[in-house]
Amino acid sequence: MKFDAIDQQAVNTIRMLSVAQIEKANSGHPGLPLGASPMAYVLYRNHLTVTPKDSHWFNRDRFILSAGHGSAMLYSLQHLAGFNVTQDDLKHFRQFGSRTPGHPEYGVVDGVEATTGPLGQGLGMAVGMAMAERHMAARFPKMVDHFTYVLCGDGDLMEGISHEAMGLAGHQALGKLIVLFDSNDVSLDGNKSRAFGENMQQRAEAEGWTYQRVEDGNDLNAIDVAITKAKADVDHPSMIEVRTVIGFGANGAGTNAVHGKPLAKEDFAALKVTLGWHLPDFEVPNAVRQRFAETIGRRGNTAHAAWVAQTQSLRPAESAALARAAANLLPQLPEQPNTLIPEMCSGRDAGKIAMNAFAKVAPEMWGGAADLASSTKTVIDNSPLFTPEHPEGRNIAFGVREFAMGAALNGMALHGGSRVFGSTFLVFSDYLKPAIRLAAMQHLPVTFVFTHDSIAVGEDGPTHEPIEQLTMLRSIPNTVVLRPADGQETAAAWRVALTRQNGPTVIVLTRQDLPQLSVKVPPVNRGAYVVSAVPDGKRQDGILMASGSEVHLAMQAQTELAKSGRFVSVVSMPSFELFAQQSRSYQEMVLPRAVTHRVAIEMASPLSWGRFVGLDGTVVGMETFGASGDPDRVMTHFGFTPQHVADIYLQLDSTVLKRVASQF
């Protein structure tokens with residue numbers, strides 16, 4: 001397709017709108033918008049199928065700016081394409097409370113598909129979106145058929161997650177994933193060659209991608225031909241390396257001087273002369289607005305109207321399922337499967353039973369593990385692996401790629417129509433913590449299942465025995481962590497995870513078998529409850545509280561203390577976050593403020609328990625790493641026995657007296 005003077009004017013409009021935002025804010029990254037605007041314009045003009053009239057249209061193309069520091073360019077494009085990004089929004093770029101934040105934020109800026117900025121994660125989420133597109137197309141033939149586009153930079157491809165994500169995408173042959181690589185040889189600190197020298201063609205092809213190279217990043221025709229060719233190859237993901245000049249047209253172009261700070265006032269004026277720009281800041285030529293309307297606007301509106309008309313011919317059941325998927329809703333879930341869980345059962349086995357009970361009625365559920373499904377038990381029965389040959393498969397082999405798994409799950413959730421889960425050992429949650437953080441920031445209902453949850457792992461030793469991970473996970477805003485104590489709590493935890501709509505849920509499960517508690521329908525959704533009360537007629541002396549397997553230890557310690565005439569209640573606390581959401585009256589019923597003798601028990605760092613035990617209580621936890629050996633021997637060594645817990649409780653009296661005396 002031929003391009004004309006209006007198209008070149010459109011490219012410069014994107015550049016000047018972007019730089020005007022940065023100059024007015026006196027903050028931002030002008031280098032990427034000046035260099036990458038031509039490729040972004042070609043994508044919007046000729047290929048991207050979206051419609052501002054319905055920015056959440058289920059069958060739209062997805063475009064992810066993985067190099068999120070170039071957000072000013074994305075906002076300029078959204079404004080010109082007709083999304084709800086106004087001129088006033090552009091003028092308030094990077095200002096507190098504005099709708100144009102420093103890096104793209106999903107749910108804040110109309111049409112932005114993902115929160116990006118931490119480099120590499122946008123690429124990882126795009127892989128998940130492409131996986132979801134293929135899976136949804138298998139569920140809804142002819143109703144789902146679109147592309148996922150990414151614009152990334154050198155920094156994205158340096159990050160380790162890019163290797164994981166590209167390897168996964170190549171193995172899955174995600175032919176509708178197209179990456180535009182803004183290749184300018186410059187990073188924040190200087191020339192890319194200081195730290196990075198990979199041959200991107202060899203790397204991409206080795207990972208199962210097709211590769212093209214556009215030598216001149218200002219050649220609109222060459223960029224258009226490359227994207228068209230990439231779209232025609234539906235058997236491989238495509239990388240198009242576009243050679244650009246960072247900060248094109250500005251003083252310092254081609255160097256890191258224009259990467260991440262506003263231009264000097266005189267340099268901004270000189271840029272306008274270089275680009276032949278004579279309009280006031282933030283003004284858009286009418287011909288450019290018209291070009292956007294007659295290309296991306298017309299294409300998107302036409303495709304959207306055809307899709308809506310096609311939905312009218314669907315059978316009622318299929319129409320209802322599609323509507324439910326587009327709205328990210330699940331069907332009515334069954335009650336927790338009490339009768340299916342054995343009396344002695346590990347958390348991971350109970351998790352599999354519960355997960356499959358819900359998966360039977362919720363076809364939206366699918367997910368997998370980072371090469372540990374046989375250990376974490378996160379396999380949906382009677383379904384194949386998700387592969388190019390079986391896109392309907394509900395089990396995903398992510399491989400040993402924890403971070404890419406987390407990012408892909410986020411992308412799958414962002415795409416819509418899926419309720420996804422991923423699993424590994426709890427100690428490896430460190431590898432994907434940044435993805436959990438972005439799931440929470442984007443309010444994505446992703447379920448992360450972490451098994452092998454304590455020093456009870458035993459023989460694998462301290463490298464595989466989590467200590468600090470629970471505290472880390474509990475510290476992430478908008479994240480619910482659930483550590484159930486038995487099979488019934490595990491089933492209830494899965495129900496909580498599937499009914500949450502506005503953030504990730506972490507389910508933490510044991511490797512070892514646990515007996516069932518006496519509570520058949522535990523109120524896990526309330527975060528904590530009294531699982532064993534003080535006997536009738538006895539005065540409550542204190543409280544033992546715990547999560548997971550340690551609840552059983554607390555109940556054994558309760559029995560030991562009763563022998564000494566000390567009567568305590570036992571509180572199971574599967575979720576700090578859910579308990580914090582309860583009413584004051586409920587919290588008082590579970591943890592009466594007048595009862596100050598409190599001991600928390602958890603085979604992990606004690607840091608997160610302080611607000612519950614108070615100054616007069618204590619925590620039986622782990623202040624060191626674990627050890628390799630028989631699990632019972634390891635737990636005994638570190639003091640996780642009924643007698644030791646009882647002894648610690650009995651020492652509270654002297655400890656409290658010492659604290660009181662020290663105040664005088």
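Strands β2 and β3 run parallel and are joined by 6 bridges. Two strands count as paired if DSSP finds at least two bridges between them. Helices (H or I, at least four residues) and strands (E, at least two) are DSSP runs, numbered from the N terminus. The model is predicted: local features need pLDDT of at least 70, side-chain atom pairs count only at pLDDT 80 or more, and totals for chains, interfaces and linings use all residues. Residues are numbered from 1 along each chain as its sequence is written, and side-chain values use heavy atoms, with hydrogens and water left out.

Confidence is given by pLDDT, the predictor's confidence in each residue, from 0 to 100. The chain has a mean pLDDT of 96, and 98% of its residues reach 70 or more. Over residues 660-664 the pLDDT is below 50. Beyond near neighbours in sequence, this stretch has 0 contacts in the model. A contact means heavy atoms within 4.5 Å.

The pairing of β2 and β3 belongs to an open sheet. This sheet has 5 strands in the order β1-β2-β3-β7-β6, and the pairing is parallel. Its edge strands are β1 (62-65) and β6 (210-214), each of which pairs on one side only. From one strand to the next, the twist averages 15°. On the β1 side, 4 bridges join β1 to β2. Here Ile64 is partnered with Val150. Val214 stands opposite Val242 in β7.

Strand β2 is largely enclosed by the rest of the structure, because 6 of its 6 residues are buried. Buried means under 20% relative accessible area, exposed means over 50%, and partly exposed lies in between (1.4 Å probe, protein chains only). Both faces of β2 are covered. Thr148, Val150 and Cys152 are buried on one side, and Tyr149, Leu151 and Gly153 on the other. Helix α9 (residues 220-232) lies across β2, β3 (177-183), β6 and β7. It runs at about 170° to β6. Axes are lines fitted to C-alpha atoms, for helices over the stretch in contact, and angles run from 0 to 180 degrees between N-to-C directions.

Phe147 is found in the loop between α5 (121-139) and β2 (148-153). It is buried, with a relative accessible area of 14%. Leaving out residues up to four places away in sequence, Phe147 touches Asp61, Arg62, Gly175, Lys176, Ile178 and Lys231. Phe147 and Ala130 are 17 residues apart in sequence, and their C-alpha atoms are 7.4 Å apart in space.

Strand β17 (residues 542-546) runs parallel to β19, with 4 bridges between them. Leu544 stands opposite Val599 in β19. Another 3 bridges join β19 to β20 (residues 618-620), also in parallel. Ile601 has Val620 as its bridge partner in β20. Both faces of β19 are covered: Arg598 and Ala600 are buried on one side, Val599 and Ile601 on the other.

Glu602 lies in the loop between β19 (598-601) and α22 (610-613). At 1% relative accessibility, Glu602 is buried. Its side chain makes a polar contact of 2.8 Å with that of Arg474 and one of 2.9 Å with that of Trp609. A polar contact is a pair of N or O atoms within 3.5 Å; within protein, one must be able to donate a hydrogen and the other to accept it, and residues adjacent in sequence count only if both atoms are side-chain atoms. Glu602 also meets Arg483 in a salt bridge (3.8 Å, N to O). Arg483 lies in the loop between β13 (480-482) and α18 (487-499), so the pair ties together parts that are 119 residues apart in sequence. Arg483 is buried too.

The whole structure holds 28 salt bridges. In a salt bridge, a side-chain nitrogen of Lys or Arg is within 4 Å of a carboxyl oxygen of Asp or Glu. Glu560 and Lys563 form one, with the closest N and O atoms 3.2 Å apart. They are 3 residues apart in helix α19 (residues 550-563), and so are separated by about one helical turn. Glu560 is partly exposed at 23%, whereas Lys563 is exposed at 62%. Asp653 bridges to Arg566 at 3.1 Å between the closest N and O atoms.
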